[in-house]
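Subject: Structure handover

Hello,

Here is the structure we spoke about. Please open it alongside this note; the findings follow below.

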Amino acid sequence: MAQQKVDPFRLEIVKDSLIAIGDEMFYTLGRTSMSPIIYEVLDYACGLTDAKGQLLTQGHGVAGFIGNLSFMVRDTIRKFAVGNKLAPGDIIIINDPYSGGGSHLSDVGLVMPIFYEGEIVAFSANKAHWTEVGGKDPGSFTNDATEIFQEGLQFPCIKLFDGGVINQALVEMIQANVRFPELSLGDMWAQVAALRTGDRRFQELCEKHGKEVVIASIEHLLDHGEQLARKELASLPKGVYEAVDYIDNDGMGNGPFRIQVKVTITDDQFICDFRGSHPQVLGPINCSYTTLVSDVRTVFLAITNPSQDINDGVFRPLEIIADPGTIFSAERPAPVSVYWESGSAGGDLVWKALAPVLPHRLTAGHFLSVCAVTLSGKHHATQEPFLIVEPSVGGWGAGEGMDGVRGQFCIGDGETYNMPVEIAETRYGVMVDEYSLRCDGAGAGEYIGGSGVIRSYRAMSDNQAVTVTFGRNQFLPWGVNGGESGSPNEFTIEKANGEVDGPFGIYARYPLNRGDVVKLMTGTGGGYGHPYKRPAKKVAEDAKNSYITVSQAADKYGVLLDPLSYAVLGETDARRQFSAE
């Protein structure tokens with residue numbers, strides 16, 4: 001069927017059906033998974049691609065996976081398409097970070113070809129964070145690995161199912177090499193269920209509307225996505241915009257590492273050139289080019305059309321350039337366990353370069369890091385081993401006409417969630433002593449940065465260990481238009497004997513015994529506009545709400561407050577002088 005003859009009503013029906021299929025796949029995986037990192041935190045993604053591997057729809061979840069599904073499918077096509085090596089019922093497993101796997105070994109992808117009338121018409125794909133894939137440390141991703149082989153099992157685009165028959169030898173290899181096989185294999189079967197849901201629903205779509213109509217509609221939708229992106233691109237300020245920043249360290253004591261981008265916006269292209277950034281490093285903060293693409297895509301969407309349904313047509317105007325073998329495009333066997341430190345920093349560079357010229361779309365800098373925590377030990381009541389694997393929330397930057405939001409996940413985590421306190425205290429050997437906003441007064445501005453959080457875990461048994469990766473510890477969330485920087489991500493250890501150790505940014509396997517507390521503190525976002533431009537009434541409200549202190553009101557904002565009533569008493573000479581100028 002010719003593309004121009006697609007019935008516009010049928011087009012909308014097919015589009016909405018594809019989105020519904022992606023959503024159903026997403027809910028199927030979440031509801032049948034075994035690990036809290038999946039069913040509570042939502043650290044996964046599901047979607048469909050066309051027969052060429054072009055993304056059609058993706059269920060909500062981790063924003064850092066935007067693009068990963070396409071790369072997984074294209075890797076599968078490259079390896080198996082020649083010689084017709086794919087058959088109905090095949091499922092491919094892949095987590096190779098240097099190719100289609102994209103992120104780190106813990107994020108395991110599955111790909112299933114969808115056949116209709118003997119022909120591959122689409123692919124069903126998903127990617128989920130397994131609690132365990134082996135490696136030298138519990139939780140598998142670690143911040144002091146020096147090569148990929150220390151980080152767990154590698155699945156180099158191989159068949160998990162062949163013609164519907166499971167590769168039992170591979171399953172037994174997984175079972176023998178992970179610390180919590182019931183969780184990892186349970187999550188694997190949840191992914192399989194989600195793939196089969198996508199397969200079944202797509203075939204039903206072809207049955208209902210006809211294969212030719214569905215394929216023609218898909219081509220039209222991809223082209224329509226491109227048209228929408230180019231329309232938004234036309235409204236952006238044309239020019240070349242640059243930004244430089246630094247990644248703190250690599251977990252091995254090396255750093256900081258200089259990174260840079262040159263963003264060129266033309267009438268029909270959005271080019272992000274990362275050439276000149278630091279080469280790949282010894283520690284595991286490297287990321288693959290696939291990860292860089294995913295993070296830049298997230299910011300590109302925020303700039304152009306954040307409400308647009310995601311498909312690969314939307315990204316056709318986007319070009320991303322990086323030298324091979326850099327911190328943004330690591331090559332084997334570079335470790336990539338905490339890949340988000342560089343990947344998110346790449347997206348943040350584009351954000352930083354364009355925030356001054358796109359204040360209606362981009363805020364000041366946020367806490368950026370996933371701020372990942374793995375905590376292992378034995379449960380104090382059951383004596384069973386436990387493993388916490390979770391990201392942290394923090395503060396986002398302020399923007400034009402708005403204060404920064406408080407206690408949200410970083411841009412790479414997207415629509416994920418906290419580990420509930422009740423789950424943590426029930427399933428794991430910890431008590432949550434504190435979970436509160438971190439009101440440190442950082443991120444001052446006409447509009448203030450959003451607060452980070454404080455989360456304190458008290459060990460309830462001996463011989464526990466916590467690994468914490470809190471990037472953006474030295475180079476803070478940046479302010480815009482005179483706004484001040486935010487605060488660092490950091491943590492301390494408050495020992496049962498009263499000693500305090502830290503603060504730290506990155507630490508591997510800090511030993512905890514009963515009564516010790518790990519106090520996790522995420523950063524406040526950057527401010528927007530000069531602090532003296534913030535109305536005195538709002539400054540008083542900030543102090544009353546404990547976001548700032550009375551002394552900070554005077555020192556940072558030039559507003560004098562009554563320490564008991566928080567009534568405005570006047571302004572400092574510096575604020576009056578600023579207002580006069």
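With 4 residues, α8 gives the most to the lining of the second largest cavity. Helices (H or I, at least four residues) and strands (E, at least two) are DSSP runs, numbered from the N terminus. On a 1 Å grid over the protein atoms alone, a cavity is a set of points where a 1.4 Å probe fits but cannot get out; lining residues have an atom within 4 Å of a point.

This is a predicted model: local features need pLDDT of at least 70, side-chain atom pairs count only at pLDDT 80 or more, and totals for chains, interfaces and linings use all residues. Residues are numbered from 1 along each chain as its sequence is written, and side-chain values use heavy atoms, with hydrogens and water left out.

Cavities

The second largest cavity has a volume of about 160 Å³. A volume here is the space filled by probe spheres set on the grid points, which are joined across faces, edges and corners. Its lining has 16 residues; Tyr246, Ile247, Ala345, Leu368 and Arg472 lie nearest the centre. Besides α8, strand β8 (239-247) also supplies at least two residues of this lining. By class, the lining holds 8 nonpolar, 3 polar and 5 charged residues. Ala, Val, Leu, Ile, Met, Phe, Trp, Tyr, Cys and Pro count as nonpolar, Asp, Glu, Lys and Arg as charged, and the others, Gly among them, as polar.

How many cavities of 30 Å³ or more does the whole structure hold? The search finds 3. The lining of the largest cavity divides into 10 nonpolar, 5 polar and 5 charged residues.

Largest pocket

A pocket is an open set of grid points with protein on both sides within 12 Å along at least five of seven lines. The largest one has a volume of about 1100 Å³. Its lining counts 41 residues, with Ala63, Thr298, Pro306, Gly414 and Glu415 nearest the centre. The elements that give two or more residues are α1 (8-32), β2 (55-58) and α7 (289-304). Helix α7 has the largest share, 3 residues. The classes are 18 nonpolar, 18 polar and 5 charged.

Seven-stranded sheet

An open sheet of 7 strands runs in the order β2-β1-β5-β4-β3-β6-β7, with antiparallel pairing. Two strands pair if DSSP finds at least two bridges between them. β2 and β7 (165-166) are at the edges with a single partner strand each, so one side of each has no neighbour in the sheet. Strands β1 (residues 44-50) and β5 (residues 119-129) run antiparallel and are joined by 7 bridges. Ala45 has Lys127 in β5 as its bridge partner. Helix α1 packs on the sheet and touches β1, β2 and β5; its direction makes about 145° with that of β1. Contact means heavy atoms within 4.5 Å. Axes are lines fitted to C-alpha atoms, for helices over the stretch in contact, and angles run from 0 to 180 degrees between N-to-C directions.

Five-stranded sheet

An open sheet of 5 strands has the order β14-β15-β20-β17-β18, again with antiparallel pairing. Its edge strands are β14 (430-438) and β18 (500-504), each pairing on one side only. The twist averages 15° from one strand to the next. β17 (residues 490-494) and β20 (residues 517-521) pair over 5 bridges in the antiparallel sense. Thr492 has Lys519 in β20 as its bridge partner.

Helix pair

The axes of α4 (residues 168-177) and α5 (residues 181-209) come within 8 Å and cross at roughly 145°. Val171, Ile174 and Gln175 of α4 make the contact with Pro181, Leu185 and Met188 of α5. These residues are 5 nonpolar, 1 polar and no charged.

Backbone points

Most residues other than glycine have a negative phi, and most peptide bonds are trans. The Arg332 to Pro333 bond is cis, with omega near 5°. Pro333 is in the loop between β11 (318-321) and α8. The Gly502 to Pro503 bond is also cis, with omega near 10°, and Pro503 lies in strand β18. Cys157 is not a glycine, yet has a positive phi of about 60°. Cys157 sits in the loop between β5 and β6 (158-162).

Best wishes
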